[in-house]
Amino acid sequence: MALIDLTGPDIELLLTTLYRQYGYDFRQYSEAHVRRRIMNRFILSGLNSMTDMQARVQNDNKFAALLLQDLSITVTEMFRDPEFYRSLREKVIPILKTYSFIKVWHAGCSTGEEAYSMAILLKEAGLYDRTTIYATDFNQQALDHAREGIFSNELIKDYTINYQRSGGPESFSSYYTSQYNMVIIDQSLKKNIVWANHNLVTDSVFAEVHLILCRNVLIYFNKDLQNRVQTLFLDSLINGGMLCLGTKESLRFGEFEDRYLEIDRKQKVFKKKY
Amino acid sequence: MSDGGKYDAIVIGVSAGGLKALRFLIPELPVGFQIPIVIVQHISAHSDGSWIHLLSKEGNRIIKEADEKEEIKKEVIYVAPPNYHLMIERDKTFALDIDEKVNYARPSIDVLFESAAEAYRDRLIGIILTGSGADGAKGLKRIKDRGGLTIAQDPAEAESASMPTAAIAATQVDHILSLRDIVDLLVEIENTHQ
């Protein structure tokens, strides 16, 4: 198959169609990411030209739905980056303990693995009963999966290692039940998680929270969109509230950097100034 | 932005046996070597990055993990951080993502090479060194297709021959060379064109 040239305007046109027709806005995503996903779908579908692809997106809802799934990020793990969760245990939980009720916003929760990890952490600290976790994503399919809390057995081994590395004191198997080749997350971990559809690109503040987790989401956005989302986070946090970003993400843009104190430089935990 | 030289960047993909190869190659490049180098070395998701400090010290130059949105600068060597794919945008800044593994790897060489080929077109040099598996073969082909210069380490010399062998099978590479000769070629290119 001949190598196609996917130009900037080709990408723009496709993303504009997705937005106008289906309401999902990827126009401010990293172009390299979007390009790779579009190329993969192009090759998988055996299309001949970008004109064909454009036509399919316009006229074929199922095809557009596939592409929308391609473009959204669904890769996650329980206790991804164990050192980060260790930092949560040691540096964030002690601060949360001082509040009589706790609201956590997990932004871009995808299929829920990290929201459940947070629930486990809070439970072990004796805080879960006074916590509400708002776990949000724009991908409804991922949210549905998250709500079910059923994960593949194959992954549990890695998750168990992650959990132990994070300093987890319990037997990880006490948090799920095995059934065939799947595991079902313990019901008690679900009761204070509110799964909700929220789009960081287009939606606004919905609650005042004590802690925001948004890890490895901003890396997919361009600078303008990153700024928009950072503003959203700043407006959603109470004074003294904490923000956790991915290991390779930062608040390097002046206007936000000044508004936070560093709680853990390496693990990217920040506290909003009073 | 082009400034008259023939090549604006070098991308290197390396896996098993890679640290040894890089410990030879990097110190052999003259200090002040201009063309930026971007490396994907397959590493554990939990790597603490000590190998980067080692290389930086031995190579006597700046070697750092690439940060997202970071602008690519001359004389600097960048490496992909553990557990992220590294890509290059058309504006010559880095992008990171946590998409699925490619060829069982994250970072994946193919992911870097394909994005770099789109960003730099014919102003890119792609190099596949020692490694098991076949990551990088597709990416090197993309670099060739976009008019860049492609180099594979001589499989006879490579500690693990399969990655360069796969690259050579997938693409008519421009050069198959020993590490020593790769260094000499890069220095010659820098001296002639840059």
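Start with the two domains of chain A, between which there are zero salt bridges, a salt bridge being a side-chain nitrogen of Lys or Arg within 4 Å of a carboxyl oxygen of Asp or Glu. You are looking at a predicted model, in which local features need pLDDT of at least 70 and side-chain atom pairs count only at pLDDT 80 or more, while totals for chains, interfaces and linings use all residues. Residues are numbered from 1 along each chain as its sequence is written, chains are lettered from A and ligands numbered from 1 in the order in which they are written, and side-chain values use heavy atoms, with hydrogens and water left out.

**Stop 1: the two domains of chain A**

Select residues 8–71 of chain A for domain 1 and residues 82–272 for domain 2; these bounds come from an automatic or database domain assignment. Taken over C-alpha atoms, the centres of the two domains are 30 Å apart. Eight residues of domain 1 are in contact with 11 residues of domain 2, where contact means heavy atoms within 4.5 Å. The area buried between these domains is about 980 Å², and carbon and sulfur atoms give 54% of it; buried area is the accessible area (1.4 Å probe) that two parts lose on being put together, summed over both. Within domain 1, colour Gln28(A), Tyr29(A) and Gln69(A), which lose the most area to domain 2 and together make up 56% of what that side buries.

Between the two domains of chain A, four residue pairs are in polar contact, with both residues at pLDDT 80 or more. A polar contact is a pair of N or O atoms within 3.5 Å; within protein, one must be able to donate a hydrogen and the other to accept it, and residues adjacent in sequence count only if both atoms are side-chain atoms.

**Stop 2: Thr136(A)**

Next, select Thr136(A), which lies in strand S2 of chain A, residues 131–137; helices (H or I, at least four residues) and strands (E, at least two) are DSSP runs, numbered from the N terminus. Is Thr136(A) buried or exposed? Thr136(A) is buried, because its relative accessible area is 2%, and the cut-offs are under 20% for buried, over 50% for exposed and partly exposed in between (1.4 Å probe, protein chains only). Not counting residues up to four places away in sequence, show what Thr136(A) touches, including Trp105(A), His106(A), Cys109(A), His198(A) and Phe206(A).

**Stop 3: where chain B meets chain A**

Now show both chains together, where 28 residues of chain B are in contact with 31 residues of chain A. About 2600 Å² is buried between the chains, and carbon and sulfur atoms give 45% of this area. In chain B, Glu68(B), Lys69(B) and Ile98(B) lose the most area to chain A, together 24% of what that side buries.

How many salt bridges are there between chain B and chain A? The count is eight, and one to display is that of Asp67(B) with Lys248(A), whose closest N and O atoms are 3.2 Å apart.

**Stop 4: helix H4 of chain B**

Select the buried residues of H4(B), which are Ala137(B), Gly139(B), Leu140(B), Arg142(B) and Ile143(B). These residues pack against helix H2 (31–44) of chain A, together with several elements of chain B, among them strand S1 (9–14) and helix H5 (162–170).

**Stop 5: backbone angles in chain B**

Most residues other than glycine have a negative phi, and most peptide bonds are trans. Asn60(B), which is not a glycine, has a positive phi of about 55°; Asn60(B) lies in the loop between helix H2 (50–59) and strand S3 (63–65) of chain B, and counts as exposed because its relative accessibility is 54%. Move on to Lys69(B), whose phi is also positive, near 70°, and which counts as buried at 18% relative accessibility. Finally, find the peptide bond from Arg106(B) to Pro107(B), which is cis, with omega near 10°; Pro107(B) is in the loop between S6 and H3 of chain B.

**Stop 6: Leu55(B)**

End at Leu55(B) in helix H2 of chain B, which counts as buried at 1% relative accessibility. Leaving aside neighbours within four places in sequence, Leu55(B) is in contact with Leu19(B), Leu22(B), Arg23(B), Ile26(B), Asn60(B) and Ile63(B).
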